[in-house]
Amino acid sequence: MTDTPRSASPGWLGALLDSAAFARAFTLVVFATVFSAFAIERIAGHVTYVTIVAGLCILGLAVMVARRREISLLRLVPTTVLIFIGWAFASIFWSSDTSASFWSWVSMAALAFLAVVIGHVRDTLQTVRALGDVLRVLLSASLALEVLSGVLLDLPFTFLGIQGNIAQLGPVQGIFGTRNLLGFVAVIALITFLIEYRTQSVRPGVSVASVVLAGGLAALSDSPTVVVLALGVGLAVGALALVRHARPERRAGLQLALGALVVIGVFVGYAARHPIIALLGAGTDFSVRVELWNFMVDILRQKPVQGFGWFGVWDQKEYPFNAINFWLDTKHATGLNAYFDVALQLGWVGLVLFLALAALALARSWLVAGERRSVVYAWTPLILVTLLIDSMFESFALTGLGWLMLVLCAVRAGQSRSWRESLRGGTDAGDGGAAEESGLPHAQGEQGTAG
């Protein structure tokens, strides 16, 4: 009688960590945790949220170890992401509070790691399905709490930041703390739900109800940025549709023409910014932002190359954040613009690295979406467009759910189109599998790729 070698079987724990069911559960929990971070911290405290994220990172590491044979280190993380995170780490050494900067960097790295794990254990359609399921629950909970607060009880839920204004048709915040974050999440949800509908990955009734829910909350948020996001994403959808339906030999010229139109549109939008702001009814809100940005640029001249060190969300006790809030007589927690915020904290070097990360991810994902038949590939560039447009008015892309989505999209884009493809020796779960390549939707129970 010969004993079977222990290495022949991964054991029950290894089999569990390597299973598709565990990968889906892990993805659901990560999305649910990060997207409901505000509610978790308000209800259970910051320590609870940090503990959950730390536990997810440990589980994520275990999953990556269990799947180590199907993952290539060269294709693990886009180089631009690594360099940006590396520069943020270097800024710790010239920060005014080394300890605070270090822990802010740890938070940044932890969310980036979770995004990398999701990018390698779920394909694009599976990611869309998981995010859609989570956002349906969170947006439904937001609507239910708003109705309970503003209609049934007529009492604000101050511990969640819910003001109970739904009877006056907004603004509402849901469980996200601010109307702008709710509007941002609602736009992400709309893109996700529409991709679900086009791929027939959920029942039509569920898709329609989800779109109505997200659209309704986006409108009730009464956020001026939602109008800009909707317009920008709508134009991106139209441009992508043109590229996808163009003949292959004409796509290069069409892409250049669209790029030129974007540049012209940016200049026209800047020149006509005052009439646009007046049309949106956001004059007061925008004037506050402009005053803040001008002051940030003035202070940045003190350390233009390296910035003041990475903090993510502003530390109200540290310079230059305390000086900005003192002189403006405000209590800003961010720069209300991801680009200015990056420049202030990481200098012009950090801003260039951040723009390279976002631009390269958008270019890669856009080209892939224009060439491949399955509509699911449109999800990544549309989410990136949403992040980049919103970054002109908020700093969501630098922390929390925005940073998670940015890194996830960068990982997804790098898997589909990268110099690493020439070194590729196999296929992992992040490649999308046969179901995506053929353009066929997954079954309702998500029976597509195993990983």
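Trainee: What should I know before I start?

Mentor: The model is predicted, so local features need pLDDT of at least 70 and side-chain atom pairs count only at pLDDT 80 or more, while totals for chains, interfaces and linings use all residues. Residues are numbered from 1 along each chain as its sequence is written, and side-chain values use heavy atoms, leaving out hydrogens and water.

Trainee: How do I read backbone angles, and which peptide bond is cis?

Mentor: Most peptide bonds are trans, and most residues other than glycine have a negative phi. Here the bond from Tyr319 to Pro320 is cis, with omega near 10°. Pro320 sits in the loop between α13 (283-300) and α14 (321-328); helices are DSSP runs of H or I, at least four residues, numbered from the N terminus.

Trainee: Where is Asp154, and is it buried or exposed?

Mentor: Asp154 lies in the loop between α7 (124-152) and α8 (179-199). Its phi is near 50°, a positive value. Asp154 is exposed, at 59% relative accessible area (buried is under 20%, exposed over 50%, partly exposed in between, with a 1.4 Å probe and protein chains only).

Trainee: What is the phi of Asp329?

Mentor: Phi of Asp329 is near 55°, also positive in a residue other than glycine. Asp329 is in the loop between α14 and α15 (338-371), and is exposed at 70% relative accessibility.

Trainee: Where is Leu155?

Mentor: Leu155 is in the loop between α7 and α8, and is partly exposed, with a relative accessible area of 47%.

Technical notes. Helix = DSSP H or I, 4+ residues; strand = E, 2+ residues; numbered from the N terminus.
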